[in-house]
Amino acid sequence: MNHWDAIWLNARLATFDGGADAYGTVEDGAVAARDGRIAWVGPRAELPSGWKAQVEHDCRGGWLTPGLIDCHTHLVYAGSRAGEFEQRLQGASYEEIARAGGGIVSTVRATRAASDLDLLRQSSRRVAALLAEGVTTVEIKSGYGLDTVTESRILRVARQLAASCAIEVKTTFLGAHALPPEYAGHADDYITLVCEEMLPAIHAAGLADAVDAFCEGIGFSPAQTARVFEKARSLGLPVKLHADQLSDLGGAGLAAHYAALSADHLEYTSPASVDAMARAGTVAVLLPGAYYFLRETRLPPIVALRERGVPMALATDCNPGTSPCTSLLLMLNLACTLFRLTPAEALAGVTRHAARALGLQNEAGRIAVGLRADLALWEIERPAELAYAFGATPCVGRYYAGTVAPLPA
């Protein structure tokens with residue numbers, strides 16, 4: 001006898017777990033959950049006889065997908081950088097603004113001055129926008145504190161969001177995001193602080209699930225990044241990397257050398273680095289929002305990534321300076337129109353591949369037995385509509401660990 005906590009019926013399924021097409025489609029499917037995990041999935045006609053469920057959800061012919069995953073965000077911060085947006089429209093580059101004291105450092109000043117309550121309130125609004133689009137997992141990076149106290153505060157606020165929003169939050173320590181003003185001209189000394197004080201303290205407090213860095217000319221060198229990664233390795237923390245966004249410093253190859261979960265941005269990534277990612281199993285996280293917002297003209301190596309079988313995830317990169325966006329569905333459209341991904345590739349990028357980019361491939365991102373019952377219900381005729389209609393909000397149901405997670409009003 002199959003006794004389940006919940007069952008979803010009268011649904012079309014996009015399982016992203018193999019099948020006759022790229023979506024893993026099951027027409028007239030059913031999904032059952034027990035103890036927060038998927039216990040059965042398949043065509044409704046093949047349901048075992050005698051099944052029972054405490055709760056039955058009638059999907060009314062809508063599409064069920066895995067709950068969406070935003071695998072790269074910086075959404076805990078204070079302040080605005082709309083003024084820099086105006087400067088860029090007048091011809092200033094991202095690098096010029098950063099070197100003049102703007103950019104990341106300006107957000108650091110605002111974030112250090114904000115209270116924890118202010119950070120929580122502002123960040124809750126950003127998360128609510130993601131929830132409305134069927135997101136059930138989000139990664140949140142620190143990186144706007146650049147000192148032990150504020151970096152820890154950011155990550156604690158991220159943990160609070162998980163407790164209050166019926167969403168899984170994976171936290172990433174990004175202390176090596178930029179050089180704080182008090183360390184101007186002393187980047188190596190700051191990296192020593194990151195490695196010897198900040199990272200050990202944050203790890204001891206259980207605040208970080210992974211470690212990231214910004215390997216770039218206006219960030220940190222490959223050698224400095226390697227120091228951070230070595231320390232993370234010694235603490236047993238996985239790594240990921242902002243790589244090759246503005247230039248090719250071999251960042252994606254460096255990430256692959258350390259078996260990184262992901263290398264992100266990748267506009268200037270070389271063929272050799274793509275090969276290294278393929279060998280290491282490192283996920284490519286594409287961030288079309290930043291590409292669009294900065295008016296970048298060099299595309300990530302999409303064809304090479306596809307040919308070498310490197311999984312391509314997508315994310316909002318929600319941040320105040322280069323992608324002030326809280327719409328993961330918009331990223332699907334941008335990935336298709338700007339990067340020429342197919343709708344199926346784009347949707348895989350915010351489900352199964354995004355899960356892998358966070359080390360959650362055995363927890364989320366597919367509708368498969370044993371995974372957490374994170375689901376999104378859509379009032380659409382075909383899955384491609386999620387990448388087609390930017391500005392639309394067709395999510396009519398969100399379920400986290402098998403239970404109804406109300407959509408924001």
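Me: In this predicted model, is Cys 215 buried or exposed, and what is its relative accessible area?
Reply: The model is a predicted one, and in it a residue counts as buried when its relative accessible area is under 20%. Cys 215 falls under that cut-off and is therefore buried, with a relative accessible area of 1%.

Me: Which cysteine sulfur is nearest to that of Cys 215, and how many disulfides does the structure hold?
Reply: A disulfide is a covalent bond between the sulfur atoms of two cysteines, and the pair has to lie within 2.5 Å to be counted. The nearest cysteine sulfur to Cys 215 is that of Cys 195, 14 Å away, and Cys 215 is in no disulfide. Cys 336, which is buried with a relative accessible area of 15%, has its sulfur 15 Å from the closest cysteine sulfur, in Cys 325, and this is too far for a bond. For the structure, the number of disulfides is 0.

Me: Which residues touch the most other members of the largest nonpolar core?
Reply: In soluble globular proteins, nonpolar side chains tend to be buried together. The largest nonpolar core here has 101 residues, while a second, separate core of 15 residues includes Ala 11, Val 26, Val 31 and Leu 375. Within the largest core, the residues that touch the most other members are Leu 75, Phe 173 and Leu 332.

Me: Leaving aside its neighbours within four places in sequence, which residues is Leu 332 in contact with?
Reply: Leu 332 belongs to the largest nonpolar core, and its neighbours within four places in sequence are left aside here. The residues that remain in contact with Leu 332 are Leu 314, Ala 346, Leu 347, Val 350, Leu 386 and Ala 387.

Me: Which residues of strand β12 are buried on each of its two faces?
Reply: In a regular strand the side chains alternate between the two faces of the sheet. Strand β12 spans residues 283-286, and both of its faces are covered. The buried residues are Val 283 and Val 285 on one side, and on the other Ala 284 and Leu 286.

Me: Which residues are the bridge partners that join β12 to β11 and to β13?
Reply: Strand β11 (residues 262-265) pairs with β12 in the parallel sense over 3 bridges, and the chain crosses from β11 to β12 through helix α9 (residues 271-280) in a right-handed β-α-β crossover. β12 also pairs with strand β13 (residues 312-314), again in the parallel sense and over 3 bridges. Among the partners are Ala 263 with Ala 284, and Val 285 with Ala 313.

Me: How many residues apart in sequence are the parts that the salt bridge between Asp 116 and Arg 153 ties together?
Reply: The closest N and O atoms of Asp 116 and Arg 153 are 2.5 Å apart. Asp 116 is partly exposed at 37% relative accessible area, whereas Arg 153 counts as buried at 15%. Asp 116 lies in helix α4 (residues 116-131) and Arg 153 in helix α5 (residues 148-165), so the parts tied together are apart in sequence by 37 residues.

Me: Which residues are linked in the network of salt bridges that includes Arg 372 and Glu 168?
Reply: Arg 372 and Glu 168 form a salt bridge whose closest N and O atoms are 2.6 Å apart. Because Arg 372 lies in the loop between α14 and β14 and Glu 168 in strand β8, the pair ties together parts that are 204 residues apart in sequence. Arg 372 is buried at 10% relative accessibility, and Glu 168 is buried at 14%. The network consists of Arg 37, Glu 168, Glu 363, Arg 372 and Asp 374.

Note on methods: Residues numbered from 1 in each chain as written. Predicted model: local features only at pLDDT ≥ 70, side-chain atom pairs only at ≥ 80, totals over all residues. Heavy atoms only, no water. Core = buried A, V, L, I, M, F, W, Y, C linked by side-chain atoms within 4.5 Å. Buried < 20%, exposed > 50% of the residue type's maximum accessible area, 1.4 Å probe, protein only. Contact = heavy atoms within 4.5 Å. Helix = DSSP H or I, 4+ residues; strand = E, 2+ residues; numbered from the N terminus. Pairing = 2+ DSSP bridges. Right-handed = clockwise from strand over helix to strand, strands pointing away. Salt bridge = Lys/Arg side-chain N within 4 Å of Asp/Glu carboxyl O.
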